[in-house]
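Hi,

Here is the structure I promised to pass on. Have a look at it first, and my notes follow below.

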Amino acid sequence: MVQDSTTRVSSCLLQELKKQKQKIIALTAYDYPTAKILDEAGVEVILVGDSLGMVVLGYETTLPVTMEEMIHHTKAVTRARKRAMVIGDLPYLSFHLSLKDSILNAARFIKEAGADGVKLEGASPQRLELVKALVEAEIPVMGHVGLTPQSVQKLGGFKVQGMDEEKAEAIFRGALELEKAGAFSVVLESIPLELAKEITDALKIPTIGIGAGPYCDGQILVINDLLGLTSGHLPRFVKKYADLTGIISRAVNDYISDVRQARYPEDQHCYHLPKGKPGLIKKLRQKTVREKYKKPD
Ligand code: KIV
């Protein structure tokens, strides 16, 4: 398959990249300008992750994120992209109740927000049923196993998963079952690299790793972590490629001191009245004009 710079990335292209052993590049984005930069840089998959809740909206976990918030941000991302495949993340409780409601919620990402597919966490029998139903409804699905942040209570925190035989096998089985149910790809989060390699070798669909080592077919990171825009503890797997917090903070501090010291704005940042109209200022200074617009005492 020929990969050109204008054709929209599809699940078929991702599978082809896996076959050709070319790494798939994925990142999260939540807004128009960031999505535009990622798209133009050639990122194949932009995930509007429910990490939105933690890195943009200031929630402590992803659990409070709503469908409305996800749709709002996904729309901003799809307005910006030309080539990348945009995936909307189904937030907590949007796919846990009835099958019908779950399909309708997933379809909102496609119909309202212009996404190309959805991601959902977990591989329980109910989730696998849902994956089958979504695929039947023509909605491409990305699975997600390992550390699934929406199960943070059950997992006892944001911890590496699959460290013992039983749990490793459950993750392995979950990934295989997601493929069988029709998922086009699966995210492997925070698992040992040996386990990620076994899963990647066993699957025909591509694996996208985050904290799952180098053997996955692709990698994803939360863009705010990569750019150094996240405060507090960062997981071991994050590589910070920039310090935007430092850059923004220095710029804002420079602005504050320029305004306080009257160094900004300078003449180059100002507008002047046309030269031949000195009469206007004279008029504004007339007592009668001033009194007309003044607040009565
Ligand atoms: O919500 C998110 O950003 C994710 C990625 C970490 C895969 O699920």
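Let me start with helix α5, where S102, N105, A106, R108 and F109 are the buried residues. They sit on the same side of the helix, because the arc they cover around the axis is only 140 degrees. Keep in mind that this is a predicted model.

What do those residues pack against? Their partners are α4 (67-80), β3 (85-89), β4 (117-119) and α6 (125-136). Turn to the other side of α5 and you'll find K100 and K111 exposed. The helix itself runs over residues 99-111, 13 residues in total, and reaches 18 Å from first C-alpha to last, close to the 18 Å expected at 1.5 Å a residue.

Next, the core. The largest nonpolar core holds 63 residues, and V45, I46, V118 and V186 have the most contacts inside it. Strand β2 (residues 45-48) gives the largest share of this core, with four residues. If you click on V186 and skip its neighbours within four places in sequence, its contacts are M142, G143, H144, V145, A175, L178, L203, I205 and T207.

Last, strand β8 (residues 218-221), which is covered on both faces: G218 and I220 are buried on one side, Q219 and L221 on the other. In a regular strand, side chains alternate between the two faces of the sheet. β8 pairs with strand β1 (residues 24-28) in the parallel sense over four bridges, and there I24 stands opposite G218. β8 also runs parallel to strand β7 (residues 207-210), joined by two bridges, with G209 opposite Q219.

Cheers

Conventions
Residues are numbered from 1 along each chain as its sequence is written. This is a predicted model: local features need pLDDT of at least 70, side-chain atom pairs count only at pLDDT 80 or more; totals for chains, interfaces and linings use all residues. The expected span of a helix is 1.5 Å times one less than its number of residues. A residue is buried if 20 or more other C-beta atoms lie within 10 Å of its own, exposed if 12 or fewer, and partly exposed in between; C-beta atoms are placed from the backbone. The arc is that of the directions from the helix axis to the C-beta atoms. Two residues are in contact if their C-beta atoms, placed from the backbone, lie within 7 Å. A nonpolar core is a set of buried Ala, Val, Leu, Ile, Met, Phe, Trp, Tyr and Cys residues joined through C-beta atoms within 7 Å. Two strands pair if DSSP finds at least two bridges between them.
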